[in-house]
Amino acid sequence: MNRRNRRNFIKNGVFGGVLSLFASSAYAGNPTPEEIEGPFYPVFAQKDQDFDLTRIKGKQGVAKGKIIIIQGQVLDTDGQPLENATVDLWQANAAGRYRHPHDSNKAPLDPNFQGWAIVPSGKDGKFYFKTIYPGTYPASNTWQRPPHIHYKVSKKGYIELITQMYFPDHKLNDLDLLLNRKSKDERKLMIASKVRDKPETYQYNIVLQKA
């Protein structure tokens, strides 16, 4: 992404004041539920870990799949925004394949998909990134995982959180063995919401608990 496009993306991207106020009140007191890290946390050294997962620095191609925007806030359990939290995220590509040596999925790798990003929360705890809608993949012969994104979020003075974000209204959500171990209220906190009037933009807020 060139400098002009990056400026436009940041300028147009994302967070309204009304949304921030709603987030702070709606998520106060409810820490984001924990989830397993999964077997595919990245192990290869990777220089490009910026907010745009659809391109890799030095390559001309664009990742395959539907491009989406994820925006959100990192908050504490009192609803206060947390600046400079580290938001570490990784996901499968559009075909459902991770860039990981232990992923035995036969789906193809995407040489233009970054797959992993580490972004800081900014002023008012806000973060955002540009990625593709992740594909489904088989976790076993009888279990197909729904689209999801893994997060590891940390800040000094707070308990590190490992969790997974799911997408609204996907048919596999109701069948997922991990998601359905959670209570109804917990599942609501793990499923992103679609942002009105912003095609392919999702809101996902993360609440950390003090150590």
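**Close-up views of a predicted model**

View 1. Residues are numbered from 1 along each chain as its sequence is written, and side-chain values use heavy atoms, with hydrogens and water left out. Strands S7 (residues 148–154) and S8 run antiparallel and are joined by 6 bridges, where helices (H or I, at least four residues) and strands (E, at least two) are DSSP runs numbered from the N terminus, and two strands pair if DSSP finds at least two bridges between them. The hairpin has 6 residues between its strands, and in it Gly157 takes a positive phi near 95°.

View 2. Strand S8 covers residues 161–166 and is mostly covered, with 6 of its 6 residues buried; buried means under 20% relative accessible area, exposed over 50%, and partly exposed in between, with a 1.4 Å probe and protein chains only.

**View 3. The open sheet S3-S2-S7-S8.** Four strands form this open sheet in the order given, with antiparallel pairing. S3 and S8 stand at the edges and have a single partner strand each, so one side of each is left without a neighbour in the sheet. Neighbouring strands are turned by 25° against each other on average, direction ignored; the axes are lines fitted to C-alpha atoms, for helices over the stretch in contact, and angles run from 0 to 180 degrees between N-to-C directions. Between S2 and S3 the antiparallel pairing extends over 5 bridges, and the bridge partner of Thr86 in S3 is Pro120.

**View 4. The nonpolar cores.** A nonpolar core is a set of buried Ala, Val, Leu, Ile, Met, Phe, Trp, Tyr and Cys residues joined through side-chain atoms within 4.5 Å. The largest one has 30 residues, and those with the most contacts inside it are Ile70, Leu89, Phe129 and Tyr151. Two or more residues each come from strands S1 (67–76), S2 (86–90), S3 (116–120), S4 (126–132), S7, S8 and S11 (206–208), and S4 gives the largest share, 4 residues. Another core, of 6 residues, lies apart from it and includes Phe40, Trp90, Trp116 and Tyr137.

**View 5. Aromatic pairs around Trp116 and Phe167.** Rings of Phe, Tyr and Trp (its six-membered ring) pair if their centres lie within 6.5 Å, and planes under 30 degrees apart count as stacked, over 60 as edge-to-face and the rest as tilted. The count by this rule comes to 9 aromatic pairs. Tyr41 and Trp116 form an edge-to-face pair, 5.8 Å centre to centre with 70° between the planes; Tyr41 lies in the loop between helix H2 (17–27) and S1 and Trp116 in strand S3, so the pair ties together parts that are 75 residues apart in sequence. Trp116 is buried, with a relative accessible area of 9%. Phe167 and Tyr202 also form an edge-to-face pair, at 5.1 Å centre to centre and 90° between the planes, which links distant parts of the chain, as Phe167 is in the loop between S8 and helix H3 (184–190) and Tyr202 is in strand S10 (residues 201–203), 35 residues apart. Phe167 is buried at 1% relative accessibility, and Tyr202 is buried at 5%.

**View 6. Lysine charges over tyrosine rings.** A charge sits over a ring if NZ of Lys or CZ of Arg is within 6 Å of the ring centre and within 35 degrees of the ring normal. The charged end of Lys152 sits over the ring of Tyr41, 4.2 Å from its centre, and Lys66 lies over the face of Tyr133, at 4.7 Å from the ring centre.

**View 7. Positive phi at Asp169 and Asp197.** Most residues other than glycine have a negative phi. Asp169, although not a glycine, has a positive phi of about 65°; Asp169 lies in the loop between S8 and H3 and is exposed at 81% relative accessibility. Asp197, in the loop between strand S9 (193–194) and S10, has a positive phi near 65° and is exposed, with a relative accessible area of 80%.
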